Amino acid sequence: MTPEDAASVPSTAPETPPAAAARPAAPAIPPAALTAPVITVTAVTGLPEIGPGSDLPALLASVLAPGGPPPGGAPPGGTPSPRAPLAPRSAGETVPLDAAGGGSAPSLRDGDIVVVTSKVVSKAEGRISALPREQAIEAETVRVVASRGDTTIAQTRHGLVLAAAGVDASNTAPGTVVLLPEDPDESARRLRKALRDRAGVTVGVVITDTMGRPWRAGQTDAAIGAAGVVPARDHRGETDSFGNTLEVTVAAVADEIAAAADLVKGKTRQIPVAVVRGLAEFVTDGDGPGARALIRPAGEDMFRLGSADVPLARRTIRSFTGQPVDAGAVRRAIATALTAPAPHHSEPWRFVILSSPAARSALLDAMLQAWIADLRRGGFTEEQIARRTRRGEALRKAPLIVVPCLETSAAHSYPDERRSRAERDMFVVSMGAAVQNLLIALAVEGLGSAWISSTLFCQDVAARAMDLPAGWQPMGAIAVGHPAESPRPRPGREVKEFTLVR
Ligand SMILES: Cc1cc2nc3c(=O)[nH]c(=O)nc-3n(C[C@H](O)[C@H](O)[C@H](O)COP(=O)(O)O)c2cc1C
């Protein structure tokens, strides 16, 4: 067995089945099984330690080139083989490779896929920082998705979401950290071009990094850069063996290749490169869209809000599109509201959903009359009144209004004003907590909202207009709809200015 064979991982059953005698009754082999595809994943050893200034494209081409690297392996520091550039070879021709300084590499062919750990790409590109790890993570982060203890899951400007924004303190000199390549797709294109120019082969290149999965234990490698590889195979519209049309299946081919290569590379083995053979159908002549194509657009991300983002997702939105509001989303948001803390194990929260235009007009018209009456009593002129009452458009134009109501029958009675007021305050703050829950849950559903005081100032009128049960006290009104405006930037607030520590 050659070193190449020893490091190979066949991904499917070998082409030659075990001896027939070993099987009591050999089942009929379906025709497809006879032509079952086989891929091999082969570690490439013999590369020198890669560091800043290493010419990785030339170095890889040197190790993977006809005749292999110069005697003693590729030189430290990444100086390319003196033989490079090599004459291009004709398409389909096998490129024989020698062992390099005790290392091994497969005979690179057209259609092979060279898989490279991003760490060595970063090192060669000088993406090493002397910043303290936390600062480096902050500099690489465009969005913190979640954090717990020392662990931060962050989105980088590439759109990747991964632990520590891809900043890695392992396998680098003490006091330094390695950042992700500046543009991993571009790095992949450069490597591919070098292999084409110097070794004359058309191969795919995948650059990988290790990622955790939120719902699965352990990590696997995924593609963060790719060139000349179909990043995803779309099966949508195809039919399965039962004739059902596949509606969602898109195979993340580049990620699967990255994960397969990790089986022979591995952190502890210090093997940063592998070659995957047998997947020529995914290798393209052009560079293609790269691994960027595997980044899910924000609009399709069902888990867009990380745990750190959820409370921040709520902003007051006062203008809405005409798109109707999904009743299920509102029901789910009310269910979240009903988890608010409340005094005496009471459940003092009620909600009125005004979904029909008639119900909304009945409330808003009645409130308008009450407001005008209040303003007249306050001595305002008719012109001032007209100007003031033009406000409140958010409720008038909202596709849906939810009126939160407080029900205080569980409140305790006290003979004195002080305790009675404290008792009422407890119920009011519980209502505030429920409404905040509601607004956040609406935001998580992609809905904007504005909590408007309105009904608080004319509770009796509002209760009559909505024909509320006795004891339901309206606590404002919430305009709900799909946002037609971007939320304003949130003012920065310094925690210590709002906090006393005693
Ligand atoms: C009890 C309450 C009553 C409010 N009443 C009104 C209102 O009458 N009109 C309005 O435009 N916004 C109203 N708001 C929304 C605030 O103006 C809004 O929360 C504030 O501007 C901060 O913006 P943010 O919610 O996006 O953080 C009210 C908010 C609360 C909590």
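1. Overall make-up. The protein chain holds 13 helices and 17 strands. Helices (H or I, at least four residues) and strands (E, at least two) are DSSP runs, numbered from the N terminus. This is a predicted model: local features need pLDDT of at least 70, side-chain atom pairs count only at pLDDT 80 or more, and totals for chains, interfaces and linings use all residues. Residues are numbered from 1 along each chain as its sequence is written.

2. Confidence. pLDDT is the predictor's confidence in each residue, from 0 to 100. The protein chain averages 86, and 85% of the residues score at least 70. Over residues 1-27 the pLDDT is below 50, and this stretch has 27 contacts in the model beyond near neighbours in sequence. Two residues are in contact if their C-beta atoms, placed from the backbone, lie within 7 Å. Residues 69-102 also stay under 50 in pLDDT. For residues 69-102 the model has 90 contacts beyond four places in sequence. Where pLDDT is low, the predicted coordinates should not be read in detail.

3. Of the 502 residues in the protein chain, 37% are buried. A residue is buried if 20 or more other C-beta atoms lie within 10 Å of its own, exposed if 12 or fewer, and partly exposed in between; C-beta atoms are placed from the backbone. Take the contacts in the protein chain with a separation of 6 or more: residues 24 or more positions apart account for 72% of them.

4. An open sheet of 5 strands runs in the order 1-12-2-8-9, with mixed pairing. Strand 1 (40-44) and strand 9 stand at the edges; each has a single partner strand, so one side of each is left without a neighbour in the sheet. From one strand to the next, the twist averages 30 degrees. Two strands pair if DSSP finds at least two bridges between them.

5. Pairings in that sheet. Strand 1 and strand 12 (residues 273-277) pair in the antiparallel sense over 5 bridges. There, V44 has V273 in strand 12 as its bridge partner. Strand 2 and strand 8 pair in the parallel sense, also over 5 bridges. V116 stands opposite I207 in strand 8.

6. Strands 8 and 9. Strand 8 (residues 204-213) and strand 9 (residues 216-227) pair in the antiparallel sense over 9 bridges. A hairpin of 2 residues joins strand 8 to strand 9. Among the facing pairs, T210 has D221 in strand 9 as its bridge partner, and V205 stands opposite A227.

7. Helix 7. Helix 7 (residues 253-262) lies across strand 1, strand 2 (113-117), strand 8, strand 9 and strand 12. Helix 7 runs at about 115 degrees to strand 9. Axes are lines fitted to C-alpha atoms, for helices over the stretch in contact, and angles run from 0 to 180 degrees between N-to-C directions. Helix 7 is mostly covered, with 9 of its 10 residues buried. The buried residues include V253, I257 and A261, along with D255, E256 and D262.

8. Strand 5 (residues 151-156) and strand 6 pair over 3 bridges. A154 stands opposite L162 in strand 6.

9. Two positive phi values. A165 is not a glycine, yet its phi is near 50 degrees. A165 is found in the loop between strand 6 and strand 7 (177-178). A165 is buried, with 27 other C-beta atoms within 10 Å. D467 also has a positive phi, about 55 degrees, although it is not a glycine. D467 is found in the loop between helix 13 (459-466) and strand 16 (473-474). D467 is exposed, with 9 other C-beta atoms within 10 Å.

10. The ligand. The residues around the ligand are R315, T316, A450, W451, I452, S453 and G476. A residue counts as near a molecule if its C-beta atom, placed from the backbone, lies within 6 Å of it. By class, the shell has 3 nonpolar, 3 polar and 1 charged residues. Ala, Val, Leu, Ile, Met, Phe, Trp, Tyr, Cys and Pro count as nonpolar, Asp, Glu, Lys and Arg as charged, and the others, Gly among them, as polar.
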